[in-house]
There are 2 protein chains.
Amino acid sequence: MNDSPGDPSTTARPTLKTIAYMTGLGVTTVSRALSDAPDISQSTKERVRLVANQIGYRPNRAGVRLRTGKTNVISLILSIETEVLGLTSHLVYGLSERLRASPYHLIVTPYSVDDNSLDPVRYIVETGSADGVVFSRIEPRDARVQYLHERGFPFATHGRSTMGIDHAFFDYDNQAYGETAVRLLAERGRRRLALLPPPAHLTYATHMLVGFTSGLARHDLLEVPLHQVTSDSPHEKIMSVITEMMTSPNRPDGIVCASASSAIAVISAAEDAGLVIGRDFDVAVKDAFNMMRKFRREVIVLHEDFRAAGLGLADAVLRLIDGENATGQQIIQPPRPG
Amino acid sequence: MNDSPGDPSTTARPTLKTIAYMTGLGVTTVSRALSDAPDISQSTKERVRLVANQIGYRPNRAGVRLRTGKTNVISLILSIETEVLGLTSHLVYGLSERLRASPYHLIVTPYSVDDNSLDPVRYIVETGSADGVVFSRIEPRDARVQYLHERGFPFATHGRSTMGIDHAFFDYDNQAYGETAVRLLAERGRRRLALLPPPAHLTYATHMLVGFTSGLARHDLLEVPLHQVTSDSPHEKIMSVITEMMTSPNRPDGIVCASASSAIAVISAAEDAGLVIGRDFDVAVKDAFNMMRKFRREVIVLHEDFRAAGLGLADAVLRLIDGENATGQQIIQPPRPG
DNA sequence: GGACCGATCTGAAACGTTTTAGATTTGCCC
DNA sequence: GGGCAAATCTAAAACGTTTCAGATCGGTCC
């Protein structure tokens with residue numbers, strides 16, 4: 001088949017060998033020239049780079065990976081049921097935007113909330129299928145954070161843990177959100193507020209609750225407790241709970257919602273009960289899509305920027321991979337008026 | 001370091017060599033045993049499999065990939081500006097759900113609409129960075145479809161081309177959507193309809209237009225033309241065009257929208273103009289999130305199932321990789337009442 | 001008893017890369 | 001002109017896998 005060894009006339013993908021053949025150098029030299037090693041002469045480097053560009057050489061990822069163990073992959077771990085719905089798409093947007101200029105590829109690793117959330121993380125570490133990992137839905141004593149931290153594996157989380165491990169994260173300031181939302185409701189003259197909280201096991205549930213209650217105290221408002229429902233509950237479940245609450249004698253006149261999708265359920269139920277949003281009842285909500293702001297302008301909207309989160313998380317992971325310390329890789333994003 | 005060669009006591013990740021050492025077999029035998037080759041005895045196969053399971057052996061992807069060229073990767077190519085917004089998350093959901101049980105990983109390859117859409121496809125083919133590829137925003141004579149088809153590279157598209165290439169696709173029946181939407185509007189007594197169409201260069205724009213106009217003809221309705229705006233136009237742009245249209249003397253009494261996000265702009269503008277949806281004006285829309293149905297029940301909603309699309313596309317690509325023919329890998333999903 | 005066969009196993013090579021451990025050349029010093 | 005250092009290059013090994021081309025061993029056939 002091959003007339004002369006290393007003959008580059010073939011249509012196959014160029015390798016180091018191809019360049020070596022074309023320049024008359026050894027494969028080692030070519031490799032070192034391309035990686036800008038100190039013991040290669042300037043002229044050789046230039047010649048090699050020229051040829052490499054001409055023939056469109058790109059290092060074979062499998063070769064690099066096999067030899068060095070470096071995968072050039074960042075893995076985004078997603079809970080299929082709760083996360084792939086909407087918000088996350090902006091996160092993917094931000095992540096891939098940042099990764100596009102880098103040699104890294106973004107791979108999406110899904111898991112089901114029925115599974116142990118540690119499984120995908122363990123899989124990635126054990127099989128070495130990524131250089132860094134990003135995930136969310138963080139708990140105060142998150143097993144994944146602990147696992148990765150112990151092993152020194154680069155990771156950044158959307159949300160944070162609170163067990164004293166100094167890890168990279170990007171978090172929305174949910175405490176400030178709670179406070180601000182309450183303040184805005186108070187400014188509209190609302191006196192009796194409910195909170196539709198995130199699932200209690202997630203760290204940011206606590207943050208939001210703290211903000212909410214401190215806001216209540218500051219503005220001297222009353223809390224109307226809301227039980228057995230979170231922003232993750234199914235639409236119908238939220239609606240039925242809100243309906244019940246709205247028809248009770250001491251109904252709230254305002255509510256702080258932890259998510260846009262749950263706010264939709266709240267609004268539907270409230271309107272079904274004959275209330276007019278903005279007149280009888282006010283709703284505050286975090287909105288990533290700007291959909292609320294555009295669609296239901298009577299709703300009180302605070303913006304949460306998931307794209308910025310993606311950018312920040314990608315940045316952090318890349319820096320960790322480059323050997324930087326996790327200290328200083330913590331970003332808390334303040335709520336912005338929608 | 002290593003006392004005995006191949007000593008498995010080390011904490012390192014097990015390889016074929018580890019199993020070979022433990023069973024006293026050769027590496028070749030172990031490899032062939034695991035791949036169920038015919039010239040390995042049953043007892044050996046069982047013994048090898050047992051040990052492999054015990055020590056949690058997983059083939060090194062880089063090794064396999066380097067040797068065989070198989071990447072075990074499916075690439076989803078996304079236009080960052082228009083696609084990562086919402087709808088696509090369900091597509092990712094479906095894709096990864098189907099791929100989870102397979103050895104394939106899903107990697108997300110973003111591109112900007114400013115770039116040549118062929119670039120990411122070419123990159124993947126040239127660098128061999130995936131075994132199959134999925135993308136959308138298909139044009140009638142799509143360059144990517146042609147490129148991949150010529151090279152026999154496995155791919156499936158969300159939407160279809162119309163140049164006679166028999167490729168795998170999953171498409172929503174946008175013609176039926178157009179017809180049905182018009183029918184539903186007609187049933188509500190609407191007589192003068194507008195269409196907020198998809199960008200004209202995409203295949204499904206034609207389909208939707210055909211359905212729309214045939215629906216108009218069948219129910220003997222009038223078309224109110226809508227110019228210089230598509231469902232991809234910015235929110236503000238759509239609003240201003242709709243506002244202008246709504247204040248004109250021969251305004252439509254109903255509209256068919258190509259996307260949920262554009263419908264939001266339409267509704268906002270209509271309400272700003274003092275119209276009440278469902279009374280003065282009706283809006284028909286495709287909704288993937290079920291958000292419209294839950295939120296604005298006066299809107300006429302037809303459901304588009306992106307998760308099913310993801311499942312179908314993953315299925316198709318896997319089958320193509322397995323050597324099946326593209327014929328028969330075409331699915332057209334009918335619109336479903338929201 | 002020699003040839004042959006089937007069943008079962010295996011060494012070596014190869015995929016493309018990086019790194020280790022030199023090899024070669026040149027110039028300089030004494 | 002021998003020794004030495006600096007500059008520049010390179011062969012070979014290794015990462016883990018699959019595959020090619022046998023090797024080995026009983027047994028069978030004539």
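## Ground rules

The model is predicted: local features need pLDDT of at least 70, side-chain atom pairs count only at pLDDT 80 or more, and totals for chains, interfaces and linings use all residues. Residues are numbered from 1 along each chain as its sequence is written, chains are lettered from A and ligands numbered from 1 in the order in which they are written, and side-chain values use heavy atoms, with hydrogens and water left out.

## Domains of chain A

Chain A splits into domain 1 (8-58), domain 2 (71-166 + 307-337) and domain 3 (174-303); these bounds come from an automatic or database domain assignment. Going by C-alpha atoms, the centres of domain 2 and domain 3 of chain A lie 29 Å apart. Their contact (heavy atoms within 4.5 Å) draws on 15 residues from domain 2 of chain A and 14 residues from domain 3 of chain A.

Between them, domain 2 and domain 3 of chain A bury about 1200 Å², with carbon and sulfur atoms giving 59% of that. Buried area here is the accessible area (1.4 Å probe) that two parts lose on being put together, summed over both.

On the side of domain 2 of chain A that touches domain 3 of chain A, helix 6 (87-100) and strand 12 (336-337) of chain A each give two or more residues. Helix 6 of chain A gives the most, with three residues. Helices (H or I, at least four residues) and strands (E, at least two) are DSSP runs, numbered from the N terminus.

## Chain B against chain A

This contact takes 44 residues from chain B and 44 residues from chain A. The two chains bury about 4200 Å², and carbon and sulfur atoms give 66% of it. Four salt bridges cross the interface of chain B and chain A. Asp115(B) and Arg100(A) form a salt bridge, at 3.4 Å from N to O.

Helix 6 of chain B gives the most to the side of chain B that touches chain A, with seven residues. Strand 2 (residues 105-111) of chain A pairs with strand 2 of chain B in the antiparallel sense over three bridges; two strands pair if DSSP finds at least two bridges between them. Leu106(A) has Val108(B) as its bridge partner.

## A sheet in chain A

Six strands of chain A make an open sheet with mixed pairing, in the order 7-6-8-9-10-12. Strand 7 (222-223) and strand 12 of chain A are at the edges, each with a single partner strand, so one side of each has no neighbour in the sheet.

Strand 6 (residues 192-196) and strand 8 (residues 254-257) of chain A run parallel, joined by four bridges. Leu196(A) sits opposite Cys257(A) in strand 8 of chain A.

Definitions and conventions. A salt bridge is a side-chain nitrogen of Lys or Arg within 4 Å of a carboxyl oxygen of Asp or Glu.
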